[in-house]
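Please look over the sequence and the model below before reading on.

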Amino acid sequence: MAAHRKPRQRSAGGNTARTAWTIALAGAATATGFDGTGHAEPQLTPAQVKAKVDRLYQEAEAATEKYNGAKEKADAAERRIRALQDEAARKTEKLNSAREALGSMAAAQYRDGGLDPALQLALSADPDRYLDGAEFAERAGNRQAASVASVRRQLREIEQLRGAAHIELTSLKSRQAELKQHKKTITGKLDTARTLLSRLTAEEQAQLQQSGTDRAGRSSTGAREALTAPGSATAQAPNARAAAAVSYAYAKLGSPYVWGATGPNAFDCSGLTQAAYRSAGLSLPRTTYAQIDAGRRVSRSELLPGDLVFFYSGISHVGLYIGNGQMIHAPNPSAPVRVAPLDEMPFAGATRVS
């Protein structure tokens, strides 16, 4: 009996399993090396980290402006929906009053021996369909016919309002989906930037932070001195509104950058310029790519304090010009509202809005 037993496969199976496990490990190691997230990734220098982080911040800001635009449209859709709902409610109340009047008229005729069609209208579950009946139109008197025509018109108006509200609701849902996607893009890029910075040593992070603080400090100090000196930014502004906007921006130096914020204590780039001119009594659009078309384009050589200055090919960043080749802007999450030279970013154009 023992001679007919099948040979055991334990050894071969064990070798096969070990081989598969080895291949899996090798594949994982290879994938880790290629996707750049494993320990085998070359250590970036602080300068390389800064360059990557700056690019991520710029991309996040471009997404922020798209988010701001979508939010502006969503807010407008919500306002239109509320207005349509309010109008529909008013017309419905008016319609109910008209139907009650027809019902009273019908009741009076019923007491006189006849069931007036208007009573049927008042009691009908589908008054619009009933109104379409030829028999009702033939039997209704002149006074009732006018009342019925009014009821019919009001019914149609209410249906139109409901249809318009449905369209706006569809638009709102689309904008909300867009907001969600842009928010995901923004937070993803900011998280990646934080991860890159976290890989630096404490000393390297401090050096990068100190470098930015020193530049911002020197610029802000010089700007504040220029503000109070003869020929200051406010004195050079083309009008009172521009001067007021510049003054507001100076008062916000040091405020934190928060994407989507429009003040009064935190800002993103277009939120700062919008708030500055709002304080001067002028309403600007929410986004950079709308703000650039909000006034008259001016060349770089024509710049005056209060002009809006835009950067990058996608018009994804904006600052407020203050003279001497400088602006006040909300840079990114790594730095507060500060003074900076126009040459800090690729210049794309300028607009005078006041």
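Asn324 sits in the loop that runs between strand 3 and strand 4 (326-329), and in this predicted model its phi is near 55°, a positive value in a residue other than glycine. Is Asn324 buried or exposed? With a relative accessibility of 69%, Asn324 counts as exposed, because the cut-off for that class is over 50%.

A second residue with this kind of backbone angle is Tyr312, whose phi is positive at about 75° although Tyr312 is not a glycine. Tyr312 belongs to the loop between strand 2 and strand 3, and at 22% relative accessibility it counts as partly exposed, since buried would require a value under 20%. Another backbone detail is found at Pro264, in the loop between helix 9 and helix 10, where the peptide bond from Gly263 to Pro264 is cis, with omega near 5°.

In soluble globular proteins, nonpolar side chains tend to be buried together. Here the largest nonpolar core holds 31 residues, and the members that touch the most others are Tyr277, Leu308, Leu320 and Ile328. At least two residues of this core come from each of helix 9 (240-251), helix 10 (269-279), strand 2 (308-311) and strand 3 (317-323), while the greatest contribution is that of helix 9, which gives seven residues.

Which residues does Tyr277 contact once its neighbours within four places in sequence are left aside? The contacts of Tyr277 include Arg241, Ala242 and Ala245, together with Leu282, Leu284, Gly306 and Asp307, and also Leu308, Leu320, Val353 and Ser354. Apart from this core there is a second, separate one of 19 residues, which includes Val49, Val53, Ile186 and Leu190.

Side chains of opposite charge can pair when their charged atoms come close. In this model the count comes to 15 salt bridges, and among them is the pair formed by Glu59 and Arg55, whose closest N and O atoms are 3.9 Å apart, a separation that qualifies because the cut-off is 4 Å. Both residues lie in helix 2 (residues 46-111), where Glu59 and Arg55 are four residues apart, or about one turn of the helix. Glu59 is partly exposed at 28% relative accessibility, and Arg55 is likewise classed as partly exposed, at 44%.

A salt bridge that spans distant parts of the chain joins Glu157 and Lys91, with an N to O distance of 3.1 Å. Glu157 lies in helix 6 (residues 142-198) and Lys91 in helix 2, so the pair links positions that are 66 residues apart in the chain. Glu157 counts as partly exposed at 25% relative accessibility, and Lys91 is also partly exposed, with a relative accessible area of 23%.

Why are Arg175 and Glu178 separated by about one helical turn? The reason is that they are three residues apart in helix 6. Glu178 is partly exposed, its relative accessible area being 30%. Finally, Arg55 and Glu59 return as members of one network with Lys189, joined by salt bridges that share partners.

Terms used:
Residues numbered from 1 in each chain as written. Predicted model: local features only at pLDDT ≥ 70, side-chain atom pairs only at ≥ 80, totals over all residues. Heavy atoms only, no water. Core = buried A, V, L, I, M, F, W, Y, C linked by side-chain atoms within 4.5 Å. Buried < 20%, exposed > 50% of the residue type's maximum accessible area, 1.4 Å probe, protein only. Contact = heavy atoms within 4.5 Å. Salt bridge = Lys/Arg side-chain N within 4 Å of Asp/Glu carboxyl O.
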